[in-house]
Amino acid sequence: MIGIVMGSTSDWETMKAAAKMLQEFGVPYEAKAMSAHRTPHAVADWASNAQKNGMQAIIAAAGGAAHLAGVVAAHTTLPVLGVPMPSKHLQGLDSLLSTVQMPKGIPVATFAIGEAGAANAALFAVALLALSDKNLDKKLSEFRRRQTEAVLKSEPLKL
């Protein structure tokens, strides 16, 4: 199971891309909205118990300088995959920098800002799980093959 945690319910519009990707591969997930700043004890409790509750990795997303992924990573040894959320004033650059600039010793794998990052974080989680799940590995290889075929079948572009 993969945990998906986001700073607020408004992030769900973006994070649905991660959930949809996990569903496509048949990977169960739990999605929650919790704030690193408004509900810090709830975040710490959830992250501390994630592995015991069956999580194998966590996708954490937040906007602005709110560093949910880092707070989650501080409370678990599970892989934490950070997805910066687009933001009103800085278009997600603030989110990206706060997620990617983790101090040595508490890693967070950081993905692209927004929906592409959410989908890729889910694909990365699938790849992690596929290391020990031959069926999932086969599904991931098939997904990649279909992507390649779709590109190769596209028509040449003309003016």
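**Reading the salt bridges**

Analyst: Let's start with a pair of side chains: R145 forms a salt bridge with E142, and their closest N and O atoms are 2.2 Å apart. Keep in mind that this is a predicted model, where local features need pLDDT of at least 70 and side-chain atom pairs count only at pLDDT 80 or more, while totals for chains, interfaces and linings use all residues. Residues are numbered from 1 along each chain as its sequence is written, and side-chain values use heavy atoms, with hydrogens and water left out.

User: What counts as a salt bridge, and how many are found in the whole structure?

Analyst: The term means a side-chain nitrogen of Lys or Arg within 4 Å of a carboxyl oxygen of Asp or Glu. A search of the whole structure gives 5 salt bridges.

User: Where do R145 and E142 lie?

Analyst: Both are in helix α6, 3 residues apart, about one turn of the helix. Helices here are DSSP runs (H or I, at least four residues), as are strands (E, at least two), and they are numbered from the N terminus. R145 also forms a salt bridge with E149, again with the closest N and O atoms 2.2 Å apart. These two are 4 residues apart in α6, so about one helical turn separates them. Through shared partners, salt bridges join E24, E142, R145, R146 and E149 into one network.

User: Which residue meets E13 in a salt bridge?

Analyst: That is K16, with an N to O distance of 2.9 Å.

User: Now the helices. How do α5 and α6 cross?

Analyst: Picture each axis as a line fitted to C-alpha atoms, for helices over the stretch in contact, with angles from 0 to 180 degrees between N-to-C directions. Angles under 35 degrees count as roughly parallel, over 145 as roughly antiparallel, 65 to 115 as roughly perpendicular, and the rest as oblique. The axes of α5 (residues 115-130) and α6 (residues 134-153) come within 8 Å and cross at roughly 140°, so these helices are oblique to each other.

User: And how do α1 and α5 cross?

Analyst: The axes of α1 (residues 12-24) and α5 come within 7 Å and cross at roughly 30°, so the two helices are roughly parallel.

User: Last one: which residues form a nonpolar patch on the surface?

Analyst: Patches are made of residues with over 30% relative accessible area and no salt bridge; like charges are joined within 9 Å, and nonpolar side chains (Val, Leu, Ile, Met, Phe, Trp, Tyr) within 5 Å. Areas come from the Shrake-Rupley method with a 1.4 Å probe, and for residues only the protein chains shown count as cover. Here L90, L93, L97 and V100 form the patch, with about 350 Å² of accessible area together. L90 sits in the loop between β4 (80-84) and α4 (93-100), and its relative accessible area of 47% makes L90 partly exposed.

Methods
Buried means under 20% relative accessible area, exposed over 50%, partly exposed in between (1.4 Å probe, protein chains only).
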